[in-house]
Amino acid sequence: MGKAEEIGKKALKLYKSLTDEHSIADESGVIKRLGQDWVALGLKYYPYQIMKLMSDISSEEVAAEGMYQFGYKCGKEICSRYISLGKEGRAAIEFTCAGATYFGWGAIEIIEFTEERGVARVYNSFEARSYFANNKRKSSVPQCNFFRGVMAGVGHTYWNREAKAKELKCIAMGDKYCEVEAVAV
Ligand SMILES: [Zn+2]
């Protein structure tokens with residue numbers, strides 16, 4: 001047993017006194033899924049509190065744009081990875097959505113995905129839940145900038161051209177679901 005496992009085993013045993021839930025990480029303090037490394041962050045902190053800090057340092061618009069661009073990059077890479085696994089076209093989009101559910105981003109329903117427009121609804125958006133983990137009142141602006149970017153990135157990969165996306169409805173604003181529209185540009 002390595003040093004990490006030795007320390008981790010004690011830590012998980014201590015934590016057992018707090019909860020019966022299975023630990024997300026293994027005894028060495030590492031989360032592995034689909035052959036990759038991950039980290040779990042509480043929605044109390046992520047992404048809302050990082051967005052708040054970025055807003056305080058710059059502006060709400062810059063923070064939103066930063067998260068959107070991050071999502072765009074992730075959406076492109078994730079969708080491309082499914083294509084490299086042999087999931088072509090629409091299947092790559094469906095696997096991207098299924099992966100989002102698998103990792104707790106929310107439950108995603110594709111409403112349409114044509115040659116230049118895609119619309120998706122997100123139930124239980126993690127970004128909207130993060131907002132409400134820090135606020136009692138509804139937001140006056142949509143909160144799901146990461147997912148908006150992911151949709152644009154997925155569109156970019158599917159259409160093989162630049163895309164942009166906007167959030168039309170958001171749970172954080174009181175809607176039943178979030179709705180994002182991506183278009184080719
Ligand atoms: Zn939203």
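**Strand pairing and helix packing in the predicted model**

Ile110 stands opposite Ala120 in strand 4. The structure is a predicted model, in which local features require pLDDT of at least 70 and side-chain atom pairs count only at pLDDT 80 or more, whereas totals for chains, interfaces and linings use all residues. Residues are numbered from 1 along each chain as its sequence is written.

Strand 3 and strand 4 (residues 117-123) pair in the antiparallel sense over 6 bridges, where pairing requires that DSSP finds at least two bridges between two strands; helices (H or I, at least four residues) and strands (E, at least two) are DSSP runs numbered from the N terminus. These strands belong to an open sheet of 4 strands with the order 3-4-6-5 and antiparallel pairing. Strand 3 (107-113) and strand 5 (163-169) stand at the edges, each with a single partner strand, so that one side of each has no neighbour in the sheet. From one strand to the next, the twist averages 20°. Helix 6 (residues 145-159) lies across strand 3, strand 4, strand 5 and strand 6 (178-184), and runs at about 140° to strand 5; axes are lines fitted to C-alpha atoms, for helices over the stretch in contact, and angles run from 0 to 180 degrees between N-to-C directions.

Helix 3 (residues 60-84) and helix 4 (residues 90-102) pack at an angle of about 120°, with their axes 9 Å apart. Helix 3 is therefore oblique to helix 4, the term applying to angles that are not under 35 degrees (roughly parallel), over 145 (roughly antiparallel) or 65 to 115 (roughly perpendicular). The contact, defined by C-beta atoms that are placed from the backbone and lie within 7 Å, is made by Ile78, Cys79, Tyr82 and Ile83 of helix 3 and by Ala92, Ile93, Phe95, Thr96 and Gly99 of helix 4. By class, this contact of helix 3 with helix 4 has 7 nonpolar, 2 polar and no charged residues, with Ala, Val, Leu, Ile, Met, Phe, Trp, Tyr, Cys and Pro counted as nonpolar, Asp, Glu, Lys and Arg as charged, and the others, Gly among them, as polar.

The axes of helix 2 (residues 48-57) and helix 3 come within 7 Å and cross at roughly 135°, and these two helices are therefore likewise oblique to each other. Met51, Met54 and Ser55 of helix 2 meet Glu60, Val62, Ala63, Gly66 and Met67 of helix 3 in this contact, whose residues divide into 5 nonpolar, 2 polar and 1 charged.

Conventions: Two residues are in contact if their C-beta atoms, placed from the backbone, lie within 7 Å.
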